[in-house]
Amino acid sequence: MRRPAARLLITALTARALEPTQLWPTTQTCVSCRALGMGDYDGGAAIFMAPAATGGTKVEALPVPVGADAAIAMEKALKGQEYGKVQTLTVAQGLVNRDGGVFDNLPYAMGKSKFAKKDLYDRIRGKDWPGRSLKPQNVFSSLKERFGKKAKVRLEDAERDEDQAPYRGAYGFPPVYEDAQSRMFAGYVSPYSLFLEAIGDMLDCDVTSALLEDACPLDDRTDLAGALRLQPRNGSAPLIVECFADEAVGLALAANVDVLTERSLLEVFSRTARFGLERRTSVAPLKMRLQVVDNLEPRIAEAVEADAPETIKSADEYDALGTQGKLRVLVEAEEFKRRKLRLPRPRVINAAGNDAPVDELLIPLLDEAVRRDLAVEAALKRGDIAGAAALMAGKSKRHAARDRAAQASADGDLAGELRARDDEAVYSAIRADITQDEGSYSRFLDKDEWYERQRRRN
């Protein structure tokens, strides 16, 4: 359902565009870290990050939890050995089967094909694997190389314009033609290397840096997350893609770039870890792994407590919440939870210099009367008198009754205030959803006014 007043206000709040470089931190707040190795933390696998090696058997390191579907992929990335198709693809699916990760957040709109996201998913599933392309000419050439004379490739088979895909594995195009040298492909170091190559082919971007940051803007909570900086090859401004922390580390290893880590994260989450040899099963070889030696439990923040967004009764009450109050209300909103939305990261809020990233998520969930009052205020601040007048003229009956009640209270008219409050209660009771603008959904979803007034009299 559309909310016109919300759309007008959000447009005003987001009018100040942010340069991507403003959103990427500097070494003043971050330190460059490198991967020390895999280990166990909080009952699961983790990769340990530290600014520099101390040379001893104990180190202060930041354990980055790695999902069960990505632990083996991360170990391959650390090992640096090339693996074939089966060993790579069997541990690659975790990169595309996560909600809200790098696969979902990549800028597919700038891709060479409108099917870029589908093509990336298919590539991770093994489509058009290098050295294994099933184009008839490739199969024929491979068989001839093994069992017969060297194949003579006709020019039209290798370079026909209609068969030129924008990149390997593109939807609607035949497999890429490969010569004998291309079919000698050994494999990828890890699924992250495959993913990185696909990003370069489909989006024409390179990963130039990775970031580990606090993803929660609430003062009393700290959540570890990651982000990637993509540099388009056409020289345009860099892009920032938010992702999970282990995805940022894995892709940074594949791209051989630094991992910037916020100093505050190192202070909160760093643990003393010890190197040691470990055998995962009775028949597995010994591996060097890290173990946390302190007894500190991971810090778990208390549950957030706040009122629902629709309980906010005025624009002044909304403004008085402040950034932290708005965030708490947003976290507890049922619609926010239902849509599985995420809070804007502190980096984004700091770069904006105001609450616009929070308002963009919270204002559409407010009472329609409060939302319209905020829209009127925003229009007046930017000097849009005509827009403010149009918004005021479009007030709902419920909103008008609330204004009459407030005016009567200010004038000392108790009887008038009671009548207006009664009207407001009636108009609120008959509405199917008071957070929706009047007329934005079918009126047949609301109760009849006469019925509600008669019910109250009886």
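**Salt bridges and burial**

Tutor: Arg-345 counts as buried, at 8% relative accessibility, in what is a predicted model. Its side chain meets that of Glu-242 in a salt bridge, with 3.6 Å from N to O. Because Glu-242 belongs to strand 6 (residues 239-243) while Arg-345 sits in the loop between helix 14 (334-338) and helix 15 (346-352), this pair ties together parts that are 103 residues apart in sequence. Glu-242, for its part, is partly exposed, with a relative accessible area of 27%.

A second pair to examine is that of Asp-367 and Arg-402, whose closest N and O atoms are 3.4 Å apart in a salt bridge. Asp-367 lies in the loop between helix 16 (356-362) and helix 17 (368-381), and Arg-402 in helix 19 (residues 397-411), so the contact ties together parts that are 35 residues apart in sequence. Both Asp-367 and Arg-402 are buried.

The pair of Arg-421 and Glu-424, again a salt bridge with its closest N and O atoms 3.4 Å apart, stays within helix 20 (residues 414-430), where the two are three residues apart, about one turn of the helix. Arg-421 is partly exposed, with a relative accessible area of 38%, whereas Glu-424 is buried, at 12%. Salt bridges that share partners join Asp-367, Glu-368, Arg-398, Arg-402, Glu-417, Arg-421, Glu-424 and Arg-431 into one network. For the structure as a whole, the count comes to 33 salt bridges.

Key: Residues numbered from 1 in each chain as written. Predicted model: local features only at pLDDT ≥ 70, side-chain atom pairs only at ≥ 80, totals over all residues. Heavy atoms only, no water. Salt bridge = Lys/Arg side-chain N within 4 Å of Asp/Glu carboxyl O. Helix = DSSP H or I, 4+ residues; strand = E, 2+ residues; numbered from the N terminus. Buried < 20%, exposed > 50% of the residue type's maximum accessible area, 1.4 Å probe, protein only.
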